[in-house]
Amino acid sequence: MISGALIKKNRLYPGDVRESIVVDGIERTFILHLPPSGPANGSLPLVIALHGGGGDGFDMEKLTESGLNRLANENGFIVVYPDAIGKHWNDGRNLSWYRSHRENVDDVGFIEAIIDYLIGNYGVDPKNVFVVGMSNGGLMTYRLACDIPERLGAIAVVGVSMSENLYKDCPSGLPVPILIILGTDDPLVPWNGGELHLGPVKLGRVVSINETIDYWVERNGCTNTSEGEYLPDKGPGDGTEVWKEHYFNCREGAEVVFYGIAGGGHTWPGGYQYLPEKIVGKTSRDIDANRVVWEFFRRHLHGA
């Protein structure tokens, strides 16, 4: 995600607190959204929402229009919005543009430290930890599933396929339930794979969405699929249509779910149009990505 100063950084949404922890001698920050109440057993699920490149945790809340927060209030889970160093995650592309890549910042360790902190201080259930990421945050989510899959109940990625680096060298083959949402007309992420780019600036290579799906279907050991079907057009006039593919009967209860957004851009479906369409493309109003993501995670709650 490209982002600017969308809203004043000194503001917090209702139910939010700003916290920090030290990782590798660096103070790392995040916004924590706490629901008014949790489950009867006192053990809270956790959703970690990773912002796109050029943004921060506040911008991720803005992009989702606080939708994850509302769902957290309704369903009793915690949402955390971490901040990347220099507004970019070290997602494994090994670029020279960004500090997190140049200095090989341990963002995997940062996310693990957040998980441990919230388990110890806020009653998070270690078996119900989920991660969703947009764009650069989505690439970071893929990396977490490669490096620490045993800590994740499921993941969701919006606005990007897998980087070539991770596709060729993912350390783990453990199954991880995954939801992917991608627009066919994303001006930054090529549907058929190739160079990520922002105008003339090249930002590393990704594989195609089909290769990405095939990777996860194989990794998760899925043996059945439902044919892709178009969903009802709930946002007529938005210039998009949405279809869904489902791969199931996978190992250890995993699954692969894909939402293709025909005509969709580098955006969060149902969310904030953070830049003009001529730069990032169209935002679909046919689905609410917040609800789609949470319903997917809820299916994979341990003990539910």
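**Reading the model**

Mentor: The structure holds 12 salt bridges. A salt bridge is a side-chain nitrogen of Lys or Arg within 4 Å of a carboxyl oxygen of Asp or Glu. The model is predicted, so local features need pLDDT of at least 70 and side-chain atom pairs count only at pLDDT 80 or more, while totals for chains, interfaces and linings use all residues. Residues are numbered from 1 along each chain as its sequence is written, and side-chain values use heavy atoms, with hydrogens and water left out.

Trainee: Which residue meets R143 in a salt bridge?

Mentor: The general idea is that side chains of opposite charge can pair when their charged atoms come close. Here the partner of R143 is D147, at 3.3 Å from N to O. The two residues are 4 apart in helix α5 (residues 136-147), which means that about one helical turn separates D147 and R143. Helices (H or I, at least four residues) and strands (E, at least two) are DSSP runs, numbered from the N terminus.

Trainee: Is D147 buried or exposed, or does it fall in between?

Mentor: D147 has a relative accessibility of 30% and therefore counts as partly exposed. Buried means under 20% relative accessible area, exposed over 50%, and partly exposed in between (1.4 Å probe, protein chains only).

Trainee: What is the N to O distance between R298 and E295?

Mentor: The side chains of R298 and E295 meet in a salt bridge at 2.5 Å. Both residues lie in helix α9 (residues 289-299), 3 residues apart, about one turn of the helix. R298 is partly exposed at 33% relative accessibility, and E295 is partly exposed at 29%.

Trainee: Which residues are linked in a network of salt bridges?

Mentor: The network links E164, K168, E195 and R205. Within it, E164 pairs with K168, the closest N and O atoms being 3.9 Å apart. K168 counts as exposed, at 67% relative accessibility.

Trainee: How many disulfides does the structure hold?

Mentor: A disulfide is a covalent bond between the sulfur atoms of two cysteines. The structure holds 2 disulfides, the criterion being a pair of cysteine sulfur atoms within 2.5 Å. C146 and C170 form a disulfide with their sulfur atoms 2.0 Å apart. This pair links distant parts of the chain, with C146 in helix α5 and C170 in the loop between α6 and β7 (178-183), 24 residues apart. The torsion about the S-S bond of C146 and C170 is about -115 degrees, so this disulfide is left-handed. Both C146 and C170 are buried.

Trainee: Which cysteine is joined to C222?

Mentor: C222 is joined to C250, with an S to S distance of 2.1 Å. This pair also links distant parts of the chain: C222 is in the loop between α7 (209-220) and β10 (224-230), and C250 in the loop between β11 (241-248) and β12 (256-262), 28 residues apart. The link of C222 and C250 is right-handed, with 105 degrees about the S-S bond. C222 is buried, with a relative accessible area of 13%, and C250 is buried at 13%.

Trainee: At what angle do helices α4 and α5 pack?

Mentor: Helix α4 (residues 107-122) and α5 pack at an angle of about 80 degrees, with their axes 10 Å apart. That makes α4 roughly perpendicular to α5, a description used for angles of 65 to 115 degrees, whereas under 35 counts as roughly parallel, over 145 as roughly antiparallel and the rest as oblique. Axes are lines fitted to C-alpha atoms, for helices over the stretch in contact, and angles run from 0 to 180 degrees between N-to-C directions. In this contact (heavy atoms within 4.5 Å), D107, V108 and I111 in α4 meet M140, R143, L144 and D147 in α5.

Trainee: Is W216 buried or exposed?

Mentor: W216, placed in helix α7, counts as buried at 0% relative accessibility. Not counting residues up to four places away in sequence, W216 touches Y142, A145, I155, M162, V176, I178 and V256.
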